[in-house]
Amino acid sequence: MDRETLLQAIEHGPVRVTMNDGSCYEIESLRDVAVDSTTCYLMRRGEDGRYRALWLALVCITKVEQLSVSASK
C-alpha cells in the first residue's frame with residue numbers, strides 16, 4: 001500500500017484496513033490518521049478514555065475496504 005492510495009480511500013468515507021497478520025482496523029476519517037511514506041498513525045480512544053496511537057506499516061496493509069457510514073458506527 002502506498003500513502004496516496006490509502007489517503008484517497010479514506011477521503012471517500014470510512015474504511016477497514018486489513019493487515020498481513022489478519023488484524024483489521026476501522027478508520028472513520030482523515031482526522032483520525034497521519035500518514036507518512038512508511039506508516040499510518042491511527043489515533044484510537046482506549047478503554048480508559050485516553051487516546052492511543054497505533055502504528056500501521058504501509059507495507060503490511062493487504063486490503064482496504066470502503067465501509068458504509070452506518071456500518072462504521
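Author: Happy to. A disulfide is counted here when two cysteine sulfur atoms lie within 2.5 Å of each other. A word on the ground rules: this is a predicted model, in which local features need a pLDDT of at least 70 and side-chain atom pairs count only at pLDDT 80 or more, while totals for chains, interfaces and linings use all residues. Residues are numbered from 1 along each chain as its sequence is written, and side-chain values use heavy atoms, with hydrogens and water left out.

By that rule, the count is zero disulfides. Cys 24 takes part in none, and the nearest cysteine sulfur to it, that of Cys 60, is 14 Å away. Cys 60 is likewise in no disulfide, its nearest cysteine sulfur being that of Cys 40, at 12 Å. As for how open they are, the scale runs as follows: buried means under 20% relative accessible area, exposed means over 50%, and partly exposed lies in between (1.4 Å probe, protein chains only). Cys 24 counts as partly exposed because its relative accessibility is 42%. Cys 60, at 24%, also counts as partly exposed.

Now for the strands that carry these residues. Helices (H or I, at least four residues) and strands (E, at least two) are DSSP runs, numbered from the N terminus, and two strands pair if DSSP finds at least two bridges between them. Cys 24 sits in S2, where it stands opposite Thr 18. Four bridges join S2 to S1 (residues 15-19), and the two run antiparallel. Together with S6, these strands make an open sheet of three in the order S2-S1-S6, with antiparallel pairing. The edges are S2 (24-27) and S6 (61-66), each of which pairs on one side only. From one strand to the next, the twist averages 20°. Helix H1 (residues 3-11) lies across S1, S2 and S6 and runs at about 20° to S6. Such angles run from 0 to 180 degrees between N-to-C directions, using axes fitted as lines to C-alpha atoms, for helices over the stretch in contact; contact means heavy atoms within 4.5 Å.

Cys 40 belongs to another set of strands. In S4, Cys 40 is the bridge partner of Val 35, and in S5 the bridge partner of Cys 40 is Leu 56. S3 (residues 33-35) and S4 (residues 39-45) run antiparallel and share three bridges, with a hairpin of three residues joining them. S4 in turn is joined by seven bridges to S5 (residues 51-57), again antiparallel. The hairpin of S4 and S5 has five residues between the strands, and there Gly 49 takes a positive phi near 90°.

Thr 39 counts as buried because its relative accessibility is 11%. Beyond its neighbours within four places in sequence, Thr 39 contacts Ala 34, Trp 55, Leu 56 and Leu 58. Its side chain also makes a polar contact of 3.1 Å with that of Thr 38. A polar contact is a pair of N or O atoms within 3.5 Å; within protein, one must be able to donate a hydrogen and the other to accept it, and residues adjacent in sequence count only if both atoms are side-chain atoms.

Last, the charged pairs. A salt bridge is a side-chain nitrogen of Lys or Arg within 4 Å of a carboxyl oxygen of Asp or Glu, and the count comes to three. Arg 16 is partly exposed at 25% relative accessibility, and Glu 26 is partly exposed at 24%.

Asp 32 forms a salt bridge with Arg 31, their closest N and O atoms being 2.6 Å apart. Here Asp 32 is buried, with a relative accessible area of 14%, whereas Arg 31 is exposed at 68%. Arg 52 pairs with Asp 48, the closest N and O atoms lying 2.7 Å apart. Arg 52 is partly exposed at 40%, and Asp 48 is partly exposed at 47%.
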